Amino acid sequence: MTEFVKVARVEDIAPGERKFHEFDYETVIILNVNGEFYCIADLCSHDDGPLADGPLNGHSIECPRHGACFDVRTGAVLALPATAAIPTYDVKVEDGFVYIENLDE
Ligand code: FES
C-alpha cells in the first residue's frame with residue numbers, strides 16, 4: 001500500500017505555483033495546475049538536469065537547460081531533446097493538505 005507524506009497546505013501552492021520536497025535520494029516538484037496537484041521528479045531525462053523553475057504552460061513543464069517538455073500528469077515527453085518519460089508520483093488532497101507518495105524507505 002502506498003504511504004503518503006504531508007508536504008503543504010493547499011493554499012501554500014497557488015495555481016501555477018510549485019513546491020519542492022526532498023527525500024533522502026530524490027527531489028520532487030509538487031505543482032498546482034488549475035487546482036489539481038501533480039508530483040514529478042526534479043530530474044530531466046535528457047541530461048539529468050533539474051527541471052527546477054522551468055516554465056509551466058498548462059500541463060507542460062519545460063526544462064530550463066535545453067527546452068525538453070514533459071506532461072506533469074504522466075511524465076510523457078512532449079518536446080525533444082528528451083526521449084524518455086520522467087517519473088510521476090501519487091498525490092492526494094485531504095482535509096486541506098497536500099500529500100505525496102513517500103519515497104523514503
Ligand atoms: S537537461 Fe533537460 S533538456 Fe537537456
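The largest nonpolar core here has 14 residues, and I40, L51, I61, F70 and V72 have the most contacts inside it. A nonpolar core is a set of buried Ala, Val, Leu, Ile, Met, Phe, Trp, Tyr and Cys residues joined through side-chain atoms within 4.5 Å. Two or more residues of this core come from each of β3 (27–33) and β4 (36–41), and β3 gives the most, with 3 residues. Strands are DSSP runs (E, at least two residues), numbered from the N terminus.

This is a predicted model: local features need pLDDT of at least 70, side-chain atom pairs count only at pLDDT 80 or more, and totals for chains, interfaces and linings use all residues. Residues are numbered from 1 along each chain as its sequence is written, and side-chain values use heavy atoms, with hydrogens and water left out.

Leaving aside residues up to four places away in sequence, I40 touches V28, I29, L31, L51, I61, V72, I86, P87, T88 and Y89; contact means heavy atoms within 4.5 Å.

Now for exposure. Buried means under 20% relative accessible area, exposed over 50%, and partly exposed in between (1.4 Å probe, protein chains only).

| Residue | Relative accessible area | Class |
|---|---|---|
| C44 | 2% | buried |
| C63 | 3% | buried |
| D95 | 75% | exposed |

As for disulfides (cysteine sulfur atoms within 2.5 Å), a search of the whole structure turns up 0.

D95 sits in the loop between β10 (91–94) and β11 (97–101). Its C-alpha atom is 9.1 Å from that of V10, 85 residues apart along the chain.

Notes
Helices (H or I, at least four residues) and strands (E, at least two) are DSSP runs, numbered from the N terminus.
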